[in-house]
Amino acid sequence: MKRVEIFTDGACKGNPGPGGWGVLLRMGRHEKELSGGEAETTNNRMELTAAIRGLEALREPCAVDLYSDSRYLLDGIEKWVHAWQRNGWVNAAKKPVKNADLWRALIDAARPHRITWHWVKGHDGHAENERVDALASAAAARAAVAR
């Protein structure tokens with residue numbers, strides 16, 4: 001099984017507002033950057049979208065180390081999502097889970113892979129996190145202009 005590193009980040013100019021996501025895929029010495037944006041979104045939606053797009057870019061099942069500075073993304077996928085599924089996408093407060101469409105898409109995108117999720121402190125000099133933050137911010141700025 002191929003081993004891949006994926007670094008992800010989301011950004012939003014206003015929350016909600018124009019947003020962007022950035023991804024760096026790395027396998028050995030090979031790297032690929034991906035990014036995109038939306039005119040009206042939230043930071044959490046962009047964090048989820050980055051992880052989804054990174055995983056969807058893989059053409060075969062891989063051993064993935066996925067790095068994010070989003071506790072929302074990591075806590076959601078590692079702690080909360082199983083209960084949400086069991087409870088019909090209702091949270092502990094008996095309210096519909098926010099971003100359920102993206103959580104479902106993330107589960108689908110993750111299914112073929114063996115993923116280890118890693119949290120990194122954002123805006124703390126982590127080279128790859130700074131790189132995907134720049135991709136996400138640039139995509140958010142483009143989305144704001146296109147608005």
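A residue counts as buried when its relative accessible area is under 20%, as exposed when that area is over 50%, and as partly exposed in between. This cut-off matters for helix 3. In that helix, Ala100, Leu102, Trp103, Leu106, Ile107, Ala109 and Ala110 are buried. The model described here is predicted.

**Helix 3 and its cover**

Helix 3 spans residues 100-110. What lies over its buried residues? The cover includes helix 1 (43-56), helix 2 and strand 5. An α-helix has 3.6 residues a turn, so residues three or four places apart point the same way.

Thr49 gives a view from the side of helix 1. This threonine lies in helix 1. Thr49 is buried, because its relative accessible area is 4% and the cut-off is under 20%. Beyond residues up to four places away in sequence, Thr49 touches Trp21 and Leu102. Leu102 is one of the buried residues of helix 3.

**The chain as a whole**

The protein chain has four helices and five strands. Along the sequence they follow the pattern β-β-β-α-β-α-α-β-α. The C-alpha trace spans about 45 × 40 × 30 Å along its principal axes.

Of the 147 residues, 48% count as buried. The chain exposes about 7,700 Å². Carbon and sulfur atoms supply 50% of that area.

Rolling a probe the size of a water molecule over the atoms shows where empty space is left.

| Pocket | Space | Nonpolar lining residues | Polar lining residues | Charged lining residues |
|---|---|---|---|---|
| Largest pocket | About 370 Å³ | six nonpolar | one polar | six charged |
| Second largest pocket | About 150 Å³ | six nonpolar | two polar | no charged |

The largest pocket is lined by 13 residues. Which of them lie nearest its centre? They are Leu25, Met27, Ala57, Leu58 and Arg59. Strand 1 (2-12), strand 2 (17-27) and strand 3 (30-41) each supply at least two residues of this lining. Its classes include six nonpolar and six charged residues.

The second largest pocket has a lining of Ile77, Val81, His82, Gln85, Ile107, Ala110, Ile115 and Trp117. Helix 2 (71-86), helix 3 (100-110) and strand 5 (114-119) each give at least two residues to it. Which element gives the most? Helix 2 does, with four residues. No charged residue is part of this lining.

**The loop between strand 1 and strand 2**

Two residues of this loop call for a look. Pro16 is found in the loop between strand 1 and strand 2. The peptide bond from Asn15 to Pro16 is cis, with omega near 15°.

Lys13 is found in this loop too. Its relative accessible area is 43%, so Lys13 is partly exposed. Which residues does Lys13 contact beyond its neighbours within four places in sequence? They are Pro18, Ser137, Ala140 and Ala141. The C-alpha atoms of Lys13 and Ala143 are separated by 9.5 Å. Those two residues are 130 residues apart along the chain.

**The loop between helix 2 and helix 3**

Trp89 is placed in the loop between helix 2 and helix 3. Its phi is near 65°, a positive value in a residue other than glycine. Lys94 is placed in the loop between helix 2 and helix 3 as well. Lys94 has a positive phi of about 65° although it is not a glycine.

Is each side chain's residue buried or exposed? Trp89 counts as buried because its relative accessibility is 12%. Lys94 is exposed, with a relative accessible area of 69%.

Terms used: Residues numbered from 1 in each chain as written. Predicted model: local features only at pLDDT ≥ 70, side-chain atom pairs only at ≥ 80, totals over all residues. Heavy atoms only, no water. 1 Å grid on protein atoms, 1.4 Å probe; cavity = no way out; pocket = protein on both sides within 12 Å on 5 of 7 lines; lining within 4 Å. Points joined across faces, edges and corners; volume = space filled by probe spheres on them. Nonpolar A, V, L, I, M, F, W, Y, C, P; charged D, E, K, R; others polar. Buried < 20%, exposed > 50% of the residue type's maximum accessible area, 1.4 Å probe, protein only. Areas by Shrake-Rupley, 256 points an atom, 1.4 Å probe, with all protein chains shown as cover. Contact = heavy atoms within 4.5 Å.
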